[in-house]
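Take a look at the structure below.

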Amino acid sequence: MTAPNSARPSIGITALGSFAPARVVKNEEFEARMDTTAEWIESRTGIRERRFSAPDEFTSDVGLGAVRDLLARDPDGLKDVDMVICATASPDAMFPSTAALIAGQVGLAGAGAFDLSTACSGFVYGLGMARGLIQGGTARRVLVIGAETITKIVDQEDRNTAILFGDGAGAVVVGPVPEGYGFQDFVLGADSAGGSSLYSRFLAHQLPGGFPMGKWTGMNGREVFKFAVRVLGDSGAEVLAKSGVKSADVDWVVPHQANVRIIEAAAQRFGVPMSKMVMNLDRYGNTSSATVPLAMKEAVDDGRVKDGQQILLVAFGGGLSWAAATLKWWSGAPSVQARGWAGRPEAQPEAVSV
């Protein structure tokens, strides 16, 4: 028989870091090559700029940057890590896994390592997998990375997708925390019936049922918008109910950063005001699986997220998939405390070499 949640060890986030590529791409850059304006993009999405990876910079590189930032903030942050999960929709290769490529460069060669593919929901999925691996006795601590160079699989001449996406990475360590802190519950789901609304082709040229897929990432923006508003709101409300947490008790919501209108509509559905939404969409765009850890790390660095506060994480992505989680924030380790700088990756001190 499965033990009730109260009998399980408390599992939470014990270290975190992030990374964004150096190149900043402002909305104005799209005006020269497509029928749009900077003002139109910002009004429809909330995005002003995003980061693009260099031609020779790939997902393992940005993921490595996030882990090195974690270590710069806490040199002991990877102690006892024996499993690495990389959530990504843009891996360097199908194999070796991006997780293994990163692990080998940060002193974790020999640890279990695998990639997780649920697109933008992937990081929250990874947190759920990490908690389960620890509670089941398979791992002591798990390094969970959300990393993307998704701009490399997006048609940069397509106004429907090119303006939305950016590159970046976030990394956290999941492990034991004091009683009363950490994850309370998760809601994870997917429905392939909506797969034709958001997809990226690999081997097959069409989805089951005959829907053709082109070379680049494809999206039906209208359908994704309707889906996202519904599942962000519903999954957020569901995980709050499972956790026994009232919406009024939530201090901060860290949502997937896809579109400000989606976030506004979802916030109304689960009853949390926009003033409690952690957002950096305006500066990074949609970095897929990296959005939640990038935003979460900023809110910790600038002092918004404090010890003992109630956090709600919500995300949606290709699959179509959705994920939500609740946790009480623990700030008892060096990298999960306020840092005294603005929280943006470019404002961080030099990372340690590994």
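This is a predicted model. Start with strand 11 and strand 12 (residues 310–317), which pair in the parallel sense over 4 bridges. Find Trp252, whose bridge partner in strand 12 is Ile311. In general, strands of a sheet pair through backbone hydrogen bonds, either parallel or antiparallel.

Now widen the view. The open sheet has 4 strands in the order 8-13-12-11, and its pairing is mixed. Why is one side of strand 8 and of strand 11 left without a neighbour in the sheet? Strand 8 (182–190) and strand 11 (252–255) stand at the edges, so each has a single partner strand. From one strand to the next, the twist averages 10°.

Next come the helices. Helix 7 (residues 221–243) packs on the sheet and touches strand 8, strand 12 and strand 13 (321–328). The direction of helix 7 makes about 145° with that of strand 12. Helix 10 (residues 291–301) also packs on the sheet, touching strand 11 and strand 12. Its direction makes about 145° with that of strand 11.

Finally, follow helix 8 (residues 260–270) from start to end. At its start, a side-chain oxygen of Asn259 reaches to within 2.7 Å of the backbone nitrogen of Arg261. The buried residues of helix 8 are Val260, Ile262, Ile263, Ala266, Ala267 and Phe270. They cover an arc of only 150° around the axis, so they lie on the same side of helix 8. Their cover includes helix 2 (38–45), helix 7, strand 11, helix 9 (281–284) and strand 12. After helix 8 comes Gly271, with a positive phi near 75°.

Notes
Residues numbered from 1 in each chain as written. Predicted model: local features only at pLDDT ≥ 70, side-chain atom pairs only at ≥ 80, totals over all residues. Heavy atoms only, no water. Pairing = 2+ DSSP bridges. Helix = DSSP H or I, 4+ residues; strand = E, 2+ residues; numbered from the N terminus. Axes fitted to C-alpha atoms, helices over the stretch in contact; angles between N-to-C directions. Contact = heavy atoms within 4.5 Å. Buried < 20%, exposed > 50% of the residue type's maximum accessible area, 1.4 Å probe, protein only. Arc of directions from axis to C-beta. Polar contact = N/O pair within 3.5 Å; in protein donor to acceptor, adjacent residues only side chain to side chain.
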